[in-house]
Every structure is written in structure tokens, then in C-alpha cells.
Amino acid sequence: MKPDGQPPPATGSGVDEMGSMGKLFGANQETFWGLAGVGDTFGTCLGPLSRNRKVGYRLAKGEDLQDVLKSMDGVSEGVFTVLALEQMIKTKMNKPNVFDFKFPIISGVAQIIKGNITPKVGLNLLMRYPIRDENRGSS
């Protein structure tokens, strides 16, 4: 959460990216703006009890992913889900070479989880991402 108590702007972009992913697999993109999408995303991103948030926070502090996972009481489903999503989306897309452009958050988090980039680099890449219409359509 930002110091002013407002959720970070990337949270809305994350919900929109989930909608685009859902649309790719035949779901109604608007569904993701309901409680199942927005509610779950805000709970995961902002909730103090969220295991996924704890993993991200600790990775951002420089801890090793395997050390973080070993020290947790429960499973952080997002760690494994983002890697599966990356594969599913790339397999489903007619143009897998545009994956990073159409799904920058999923792509960035997957690269962090794989150890290819640091959270700081991932954030910097996301912040340099061109501002565009959040409704990207299916092309």
C-alpha cells in the first residue's frame, strides 16, 4: 500500500491483465472486475495475511526465493501459478513473441520467480512500460 493509504496503480492494471488472460481462454473480461477479480487481487496485494504478498515483500528485500518458501507456514500459490500461467498463455497465443507486451505483469513476476531479474529491475521495467489503453482487445 502506498503511504497515502491508496492501492498502487499497478493493482488495477493487474486486474485488467487478468481479464485479458481470461479473454484469451474464452472468459468474459468484465468478470475479472467483480469480487472474484478485484476482491481477490486487492486481498492478495494489500492484505497483511497474504502469503503471496509476503513472498513478494521478502523478495523485494533481497531474500532468496527458496529460503522464503522454506520458512513459510503455508503455500504461496502465486509462485507456482504465475509460472503455469506464463506457459499456458504462451501456448495459447497465436503470437507468443508478444507475450511480454500483452502481459507485462505476469511476464515480469515470472522472470523474478525464475531468478532472471530482481524485483527492482522488474519494477523499473514495468514503470517504463508505455502508457496505453488498458482495454487491449484480443489482437
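**Helix packing and an exposed loop lysine**

Lys 61 counts as exposed because its relative accessibility is 58%, above the 50% cut-off. In this predicted model, Lys 61 is placed in the loop that lies between α3 (51-60) and α4 (65-71). The C-alpha atom of Lys 61 is 9.5 Å from that of Lys 120, although 59 residues separate Lys 61 and Lys 120 in sequence.

The chain comprises eight helices and zero strands. Read from the N terminus, its elements follow the order α-α-α-α-α-α-α-α. Of the 139 residues in the chain, 30% are buried. The accessible surface of the chain amounts to about 8,900 Å², and carbon and sulfur atoms account for 59% of this area. When contacts in the chain between residues at least 6 apart in sequence are considered, 52% are found to join residues at least 24 apart.

Two helix pairs, both involving α5, were examined in terms of axis geometry and contact composition. Two packed helices are described by the angle between their axes and by the distance between the axes. For α3 and α5, the axes are 8 Å apart and the packing angle is about 85°. This angle lies in the range of 65 to 115 degrees, and α3 is therefore roughly perpendicular to α5. On the α3 side, the contact is made by Arg 51, Asn 52 and Val 55, and on the α5 side by Glu 77, Gly 78 and Val 79. By residue class, the contact of α3 with α5 divides into two nonpolar, two polar and two charged residues.

The second pair consists of α5 (residues 77-92) and α7 (residues 104-114), whose axes come within 9 Å and cross at roughly 125°. Because of this angle, α5 is classed as oblique to α7. The crossing in which α5 passes α7 is left-handed. From α5, the residues Val 79, Val 82, Leu 83, Leu 85, Glu 86 and Ile 89 take part in the contact, where they meet Ile 106, Val 109, Ala 110, Gln 111, Ile 113 and Lys 114 of α7. The residues of this contact of α5 with α7 comprise nine nonpolar, one polar and two charged.

Definitions and conventions. Residues are numbered from 1 along each chain as its sequence is written. This is a predicted model: local features need pLDDT of at least 70, side-chain atom pairs count only at pLDDT 80 or more; totals for chains, interfaces and linings use all residues. Side-chain values use heavy atoms; hydrogens and water are left out. Axes are lines fitted to C-alpha atoms, for helices over the stretch in contact, and angles run from 0 to 180 degrees between N-to-C directions. Helices (H or I, at least four residues) and strands (E, at least two) are DSSP runs, numbered from the N terminus. Angles under 35 degrees count as roughly parallel, over 145 as roughly antiparallel, 65 to 115 as roughly perpendicular and the rest as oblique. A crossing is left-handed if the near helix is turned anticlockwise from the far one by less than a right angle, and right-handed if clockwise. Contact means heavy atoms within 4.5 Å. Ala, Val, Leu, Ile, Met, Phe, Trp, Tyr, Cys and Pro count as nonpolar, Asp, Glu, Lys and Arg as charged, and the others, Gly among them, as polar. Buried means under 20% relative accessible area, exposed over 50%, partly exposed in between (1.4 Å probe, protein chains only). Accessible areas come from the Shrake-Rupley method with a 1.4 Å probe; for residues, only the protein chains shown count as cover.
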